[in-house]
There are 2 protein chains.
Amino acid sequence: MAERIPHPHISTTALVPLFRLDRASGLSLQDQIRRSLINAVESGVLPMGAKLPSSRKLADQLGVSRNTTLLSYQTLISDGHLISRERSGVFVATNAQRANARTMQVVSSRSGATVAQASTRLLQPDISRTQSKFPSDWQSYRYPFLEGKYDRSLFPLHEWREASRLALAVQEVETWSVDTGEADDPALIEEIRTKLLPRRGIVARPDELLITAGDQQALHLVTRLFASHQTVAGVEEPGMPEIRALFAGRNARMIHLPVDDEGLIVSEELEGCDIVHVTPSRQRPTAVTMSAARRTALLESAERNDFIIVEDDFECELNYLENPLPALRATDGGNRVVYVASLSKVLAPGVGLGFMVAAPEVIAAARRLRSLTTGRPSPNNQRAAAFFLSLGHYDTMLRRFNQVCEHRLIALRDALNHYRPMSIAIAPVRGGTTYWVRGSPHLQTQKLVEATQARGVLIEPADHYFAASDAPTNMFRLGITSLPVERIREGIAALSDAIHAVATEPASANSPTPYLTGELIKSRLSNTVLHYKTVYGEPCTIILKPDGEMSGRAGTAGEDVDVGRWWVEGDMWFRKWDRWAFGEVLGFRVAITGNDLSWLDESGRVMDSAVISLSDI
Amino acid sequence: MAERIPHPHISTTALVPLFRLDRASGLSLQDQIRRSLINAVESGVLPMGAKLPSSRKLADQLGVSRNTTLLSYQTLISDGHLISRERSGVFVATNAQRANARTMQVVSSRSGATVAQASTRLLQPDISRTQSKFPSDWQSYRYPFLEGKYDRSLFPLHEWREASRLALAVQEVETWSVDTGEADDPALIEEIRTKLLPRRGIVARPDELLITAGDQQALHLVTRLFASHQTVAGVEEPGMPEIRALFAGRNARMIHLPVDDEGLIVSEELEGCDIVHVTPSRQRPTAVTMSAARRTALLESAERNDFIIVEDDFECELNYLENPLPALRATDGGNRVVYVASLSKVLAPGVGLGFMVAAPEVIAAARRLRSLTTGRPSPNNQRAAAFFLSLGHYDTMLRRFNQVCEHRLIALRDALNHYRPMSIAIAPVRGGTTYWVRGSPHLQTQKLVEATQARGVLIEPADHYFAASDAPTNMFRLGITSLPVERIREGIAALSDAIHAVATEPASANSPTPYLTGELIKSRLSNTVLHYKTVYGEPCTIILKPDGEMSGRAGTAGEDVDVGRWWVEGDMWFRKWDRWAFGEVLGFRVAITGNDLSWLDESGRVMDSAVISLSDI
């Protein structure tokens, strides 16, 4: 871009409006001209090196005497703000030339006491916690495990360009450019209604759909339409700080409803609610999917207690590990549900587009409010999205996106399972782009963030997802949309290293039991069965035979099996799976207390543990 | 578009999610299937003529007996909703085929009692008055004198396409597509800051600028940031219903500040204000420009009473008839001013883009709030706008836009002056795209709107611009962006006709004085001077010589002169100017009472009046 846009050039006529000369002011005209010029230079409106008009020309244009402009120039030249070159004219000094420029005595209108007159009146809504704490130079980190950032390979560059080019055809532009009304693109409405919504089980007429600038705008409209200071709003805990900020902006009273591995817990806490915001397809931030039983219970509670549900289906099409459940809006009680979704995950993260589905009266009111607060999403992008869908690009890119994400998410899970740093655990997911990680109770995520950044790793602290002030400090999120699969294992190794580095538990205090030595390892482990859980919560059983053969079975149905070998060298126990744990050789010290077996690294830190029993085979 | 997007096709697998079968329901499975199919057909998700899967296939997919699906199909066929064609299958009936379809006994989940469960909870903010009352088929009217609608000739089609294509270059897309943050396009910020703002006299650093989705989003952000129930907000009267709705949405107390031909009247009413919204470049809706004296007085009042000014410069670059005055933000007290403007007037009405200028703290807070409520304007459009500006298209199109508007606005003014229906008057303007028209005190604009529509003319009633309940009913607006110059005169002739048609004053009662006849006209008018005002408020003097020569002089400095001839035929006085009044012959009856001369049409309606005196030449 920079090359193609010519260096800004300010003509003399363009310069004149910058001077606000006031003959009634206490300031001399000469000082007023100096101040105007310094403002223009400091703000960059007059670029460094730019040539100024001659003092005579400027004087003519401003209607002042030439002496006045000449003196202004001379003072600025002697102060180092301007440079005079013989036979060429007067130029704005470069930064290097200005290094020793004297500060002007005259108070600049841009600085000091007057700068914040408007800002002192700012009302401060509670929106600071909605801001992500990612460093802005995240792309320079090698392992950015961030949600909401995208590496270039995920963007459907050529497909989006094709759709955009079609939307730019003369006859297309003529249809969307001249109408400044509030109707959405009928072509996009048709695509969403006949292609996307049926997959979610949703039947909607055109007047039951509104296009929004991403899901955030839809949530803003819904909270404005349904919440006031008299409203009791149920929100998930942990949940989205954005929805809390939106309800807070309406002065609604919030009830924070806890979430577990089946999603929102349906309890009597819902009884007082007027409106409940829920993320059933993928709970944000824990990424779990609401179970079918909970969905039924929630809808029954809504019916019984007469509340409205805002179904936030922001990743509705990313359940690639298991079949998605139908939307709440798809059920018989569906008219209690305002459905909100986003196209941006797949379509083009930079092009915020989403939609909401609700009763026609709700959509009509939302459209009026959208007009008042923003206007409709750009019609050119609506038309491009319609082409993107109608040409089949959306489905193709969704498949590709899901393949890439599945590949990466499993790599992330396997790496976490392999390194298992300090007994961390992750919530079960059906897909998506993140894992919610729970560390040991002693983990201080804020300290961990510093340690990971030093190792090139970015993780997302989770504290801002909690409304409670005594929120756990040992949670964080790992996302996979911003780094290639090849870096995931390295990144988790570095993360694991960082977790050990910030561990507050002294290693020795944690493993007072002396570890086994030499032949004792072999005799105690032969003919045993080890039971433990994967990092993602599934049972895993390992059988160790005396001859060094080893077999494993993991998963709720034991569907994942592998074989390998184990042996002893010195005081270390070694193992190597065919496939699991990257098929690599790994050695540990071993300690046994009663039925509890611990694997320790050479410095004595507990790496993992299992229940040990004798094999009856 | 319709041709290129293939007819939506629903595959069997896509159909399955539409069925929400509940074996615990009181409804039989067969009835549930029937209901689901009817919903899908009525909503259009299953398009007319679409082929359904065989009953066996559907039964397999739904996990029900084939008998169940077969019976569902048969009932729907006998009720007329589906059509069976031998050896082809079962199809959705077309509308014609369904004309006599029996209504289903089972209650559809989409209809009746449950449809509005969410909508009964809608809070109803006062946004209905912000809606324009234009018919949606405005393009089918021959004379749409509408503001905010555009005819195609005004859209910079090729220039916008070029800029958009450049923004779609691979390397460009890679820069804007992956970052989902909240930063604006630095290229667009630079263009606005170094090219557009200096013309308004505004100096701004990059952190003092925020890109918005048109000016409406900027106003929404500003009212959210600065107004609460403790705020007193000053708004113009008449003024924008949108800004009143935004302040009302914040529960702010409003003071309605009257406007005259110099813009906002600066009075002691401002003393209690915390924030004042003002449209100095072009008052909306009256289109007048705030005078320099009023601007100074407003800024002094802001300083004295410590209030913030929201300067809404929505048409800042359209003052083509006279030089624009610098922005309020450009003055020394400028940091009290939050400046809001739109690029959309020129750039692309359909692509809503605008910006705001304020202190860095205000911009930072506005950016956070923008993120919470919508997100940034699409980065592809920001980049395209940057190219549009950097390639010089903005300046070119602005010139062209202003030329076209000037041409049309003067044509509108001249036509109004020519037909002068029922002593209407228009406010003085420096440019822009509208005239604010005040009719005779008896005019009922609502009745006029019906009469004009019947004649193919659309005008904008003005009642919604007034907050007061006893607002005048004789005002309306005429805009020129949506019809070519050739139609303006015809349209005003039709409007004039409509005004006469709805006139409530009986023509005879209004002109009790009998008109002059024959030679009497000639003797009474020879050697006289007629003084009157143009419809746009400027003085005009006509000298009638005995030999039939006639000369005229109009304008505040008498700068507009013309000559012509006058004569008498029967009982009618005729005149023809060389240039004025389209150089056409026009005849009137004439009545004189004391020094007052009236021109009447043949039915006795007063068309215009003047003060008559003897010529001393």
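Predicted model: local features only at pLDDT ≥ 70, side-chain atom pairs only at ≥ 80, totals over all residues.
Let me start with one side chain in chain B: B:Phe466 has a relative accessibility of 6% and therefore counts as buried, where buried stands for under 20% relative accessible area, exposed for over 50% and partly exposed for what lies in between, with a 1.4 Å probe and protein chains only. Residues are numbered from 1 along each chain as its sequence is written, chains are lettered from A and ligands numbered from 1 in the order in which they are written, and side-chain values use heavy atoms, with hydrogens and water left out.

B:Trp436 is likewise at 6% relative accessibility and so counts as buried. A search of the whole structure gives 18 aromatic pairs over all chains, a pair being two rings of Phe, Tyr or Trp (its six-membered ring) with centres within 6.5 Å, called stacked if the planes are under 30 degrees apart, edge-to-face if over 60, and tilted for the rest. One of them joins B:Tyr339 and B:Phe355, a tilted pair with 6.4 Å centre to centre and 35° between the planes. It links distant parts of the chain, since B:Tyr339 is in strand 10 (residues 337-342) of chain B and B:Phe355 in strand 11 (residues 354-357) of chain B, 16 residues apart; helices (H or I, at least four residues) and strands (E, at least two) are DSSP runs, numbered from the N terminus. Both B:Tyr339 and B:Phe355 are buried. The rings of B:Trp436 and B:Phe466 have their centres 6.1 Å apart and their planes at 40°, so this pair is tilted. Because B:Trp436 lies in strand 13 (residues 434-438) of chain B and B:Phe466 in the loop between strand 15 (460-461) and strand 16 (475-479) of chain B, the pair ties together parts that are 30 residues apart in sequence.

Rings also meet charges in chain B. The charged end of B:Arg413 sits over the ring of B:Tyr536, 4.1 Å from its centre, and B:Arg489 lies over the face of B:Phe582, at 4.0 Å from the ring centre; the criterion is NZ of Lys or CZ of Arg within 6 Å of the ring centre and within 35 degrees of the ring normal.

Now to chain A as a whole, which has 18 helices and 24 strands, and in which buried residues make up 59% of the 617 residues.

Which strands make up the open sheet of chain A, and in what order? There are eight, in the order 4-11-10-9-8-5-6-7, with mixed pairing, where two strands pair if DSSP finds at least two bridges between them. At its edges are strand 4 (209-212) and strand 7 (263-264) of chain A, each pairing on one side only. Strand 10 (residues 337-342) and strand 11 (residues 354-357) of chain A run antiparallel and are joined by four bridges, and A:Val340 stands opposite A:Met356 in strand 11 of chain A.

Chain A also has a closed barrel of eight strands, running 17-18-19-20-21-22-23-24 with antiparallel pairing. Neighbouring strands of this sheet are turned by 35° against each other on average, direction ignored. Strand 17 (residues 528-533) and strand 24 (residues 606-614) of chain A run antiparallel and are joined by four bridges, with A:His531 opposite A:Val611 in strand 24 of chain A. In chain A, A:Tyr532, A:Trp573, A:Phe588 and A:Trp599 form one aromatic cluster.

Finally, strand 21 (residues 572-577) of chain B is mostly covered, with five of its six residues buried. Six bridges join strand 21 of chain B to strand 20 (residues 560-569) of chain B, the two running antiparallel, and B:Gly564 has B:Trp577 as its bridge partner in strand 21 of chain B. The hairpin of these two strands has two residues between the strands, and in it B:Gly570 takes a positive phi near 60°. Towards strand 22 (residues 585-593) of chain B, strand 21 of chain B pairs in the antiparallel sense over four bridges, and there B:Phe574 stands opposite B:Gly587.

Conventions:
Axes fitted to C-alpha atoms, helices over the stretch in contact; angles between N-to-C directions.
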